[in-house]
Amino acid sequence: KPAVVLWPDTFNNYLHPEPLKDAVAVLESIGYTVRAPRPAVCSARPLYAEGMLDLARHQLRDSMRALATDIDRGLPVVGLEPSCIASFRDELPNLFPGDERAHWLSRNTFLLSEFLDQIGYAPPTLKRKALVHAHCHHHAVIGTDAEKHLLDKLGLDAEFLDAGCCGMAGSFGFDARHVDVSRAIGELQLLPAVRAASADTLIITNGFSCRQQIAQCTGREALGMAQVLAMAVRQNEGAAFQSLDTGNR
């Protein structure tokens with residue numbers, strides 16, 4: 001089977017593993033073998049965001065060493081957290097301009113929706129309404145075309161918000177000094193739109209910080225793209241099993 005590397009970003013790996021598990025299920029459902037780097041590594045996004053560049057370089061060197069065999073094999077790296085993908089795509093080659101591994105990873109690291117769109121993945125349909133918010137790095141560094149294309153393939157009745165930042169801005173909104181500003185930004189568009197959405201409307205965003213802002217300010221649980229795709233896969237498998245069971249009676 002073809003292999004891919006699933007990047008175990010710090011946020012999902014240690015705080016919210018469900019999206020990573022669902023990403024494995026989706027990739028395996030279409031025949032991929034999923035690898036994860038060992039030992040546990042980090043994209044250095046949290047350090048870089050706080051200006052700790054020397055520590056970020058050290059951490060990124062460790063990550064490139066952990067991925068050395070996969071780089072040599074030419075395996076694509078697939079991730080779920082836009083800020084981490086942006087770190088590989090943008091900051092990594094800037095911090096290591098003379099390191100070919102850094103440039104290779106910049107070219108071959110993809111958000112899950114990008115990778116699936118690139119290989120022509122046709123997901124099972126999911127007939128639901130959805131409200132979609134793009135993380136800031138998703139907008140600024142990665143782009144949202146692949147995400148929108150995949151949402152269309154899913155058959156979702158999706159409203160893609162043009163809300164700007166959720167207000168959390170990485171660790172900014174977790175700092176007590178910034179809470180009021182953080183919430184005020186979210187209240188410009190995102191949070192009222194989430195509150196106004198019906199209970200059966202899916203709230204979709206890939207950013208861990210975005211999901212935290214939504215949960216803490218509205219009580220709604222937002223899902224990452226991997227979770228939505230896994231939902232469609234499970235629903236399709238359930239329908240196929242039901243059809244097979246009915247046919248055998």
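# Close-up views of a predicted model

**View 1. Phe115 and its place in helix H8.** Phe115 sits in helix H8, which covers residues 112-118. The model shown here and in the views that follow is predicted. With a relative accessible area of 4%, Phe115 is buried, since buried means under 20%. Val78 is 37 residues away from Phe115 in sequence, yet the two C-alpha atoms are 7.0 Å apart in space. Val78 belongs to strand S3, where it is the bridge partner of Leu6.

View 2. Strand S1 is made of residues 3-6. Ala3 and Val5 point one way from S1, while Val4 and Leu6 point the other way. All of these residues are buried. Strand S2 (residues 33-35) is joined to S1 by 3 bridges, in the parallel sense. Within that pairing, Val4 has Val34 of S2 as its bridge partner. Strand S3 (residues 77-79) also pairs with S1 in the parallel sense, over 2 bridges.

View 3. Helix H2 runs over residues 18-29 and contains Ala23. The relative accessibility of Ala23 is 0%, so Ala23 counts as buried. Along the chain, Ala23 and Leu6 are 17 residues apart, and their C-alpha atoms are separated by 8.1 Å. Leu6 is buried too.

**View 4. Helix H6 and its bend.** Helix H6 takes in residues 82-95, 14 residues in total. From its first C-alpha to its last, H6 reaches 19 Å, close to the 20 Å expected at 1.5 Å a residue. At Phe88, H6 bends by about 35 degrees. Phe88 is itself one of the buried residues of H6. In all, 12 of the 14 residues of H6 are buried, so the helix is largely enclosed by the rest of the structure. The buried residues of H6 include Pro82, Cys84, Ile85, Leu92 and Leu95. Ser83, Ser87, Arg89 and Glu91 are also among them. An α-helix has 3.6 residues a turn, so residues three or four places apart point the same way.

**View 5. Strand S5 between two pairings.** Strand S5 (residues 129-132) is joined to strand S6 (residues 157-160) by 4 bridges, and these strands run parallel. Val132 stands opposite Phe160 of S6. S5 is also joined to strand S7 (residues 202-204), by 3 bridges, and this pairing is parallel as well. In S7, Leu202 is the bridge partner of Ala130.

**View 6. The largest pocket and its lining.** The volume of the largest pocket is about 370 Å³. The pocket is lined by 21 residues, of which Phe11, Ala169, Gly170, Ser171 and Ser209 are the closest to its centre. By class, the lining holds 11 nonpolar, 7 polar and 3 charged residues. Three helices, H3 (45-49), H9 (136-142) and H13 (208-218), each supply at least two residues of this lining.

**View 7. Ala169, a residue with positive phi beside the pocket centre.** Ala169 is one of the lining residues closest to the centre of the largest pocket. Ala169 lies in the loop between S6 and helix H11 (179-186). Its phi is near 50 degrees, a positive value in a residue other than glycine. At 41% relative accessibility, Ala169 counts as partly exposed.

**View 8. Ala44, a buried loop residue with positive phi.** Ala44 is found in the loop between S2 and H3. The phi of Ala44 is near 70 degrees, which is positive although the residue is not glycine. Is Ala44 buried or exposed? Ala44 is buried, with a relative accessible area of 0%.

**View 9. Gln212 in helix H13.** Gln212 is a residue of helix H13. Helix H13 (208-218) supplies at least two residues of the lining of the largest pocket. Gln212 is partly exposed, with a relative accessible area of 24%. Between Gln212 and Ala193 there are 16 Å in space, C-alpha to C-alpha, and the two are 19 residues apart in sequence.

Terms used. Residues are numbered from 1 along each chain as its sequence is written. This is a predicted model: local features need pLDDT of at least 70, side-chain atom pairs count only at pLDDT 80 or more; totals for chains, interfaces and linings use all residues. Side-chain values use heavy atoms; hydrogens and water are left out. The expected span of a helix is 1.5 Å times one less than its number of residues. The bend at a residue is the angle between axes fitted to the seven residues ending there and the seven starting there. Buried means under 20% relative accessible area, exposed over 50%, partly exposed in between (1.4 Å probe, protein chains only). Two strands pair if DSSP finds at least two bridges between them. On a 1 Å grid over the protein atoms alone, a cavity is a set of points where a 1.4 Å probe fits but cannot get out, and a pocket is an open set with protein on both sides within 12 Å along at least five of seven lines; lining residues have an atom within 4 Å of a point. Grid points are joined across faces, edges and corners, and a volume is the space filled by probe spheres set on the points. Ala, Val, Leu, Ile, Met, Phe, Trp, Tyr, Cys and Pro count as nonpolar, Asp, Glu, Lys and Arg as charged, and the others, Gly among them, as polar.
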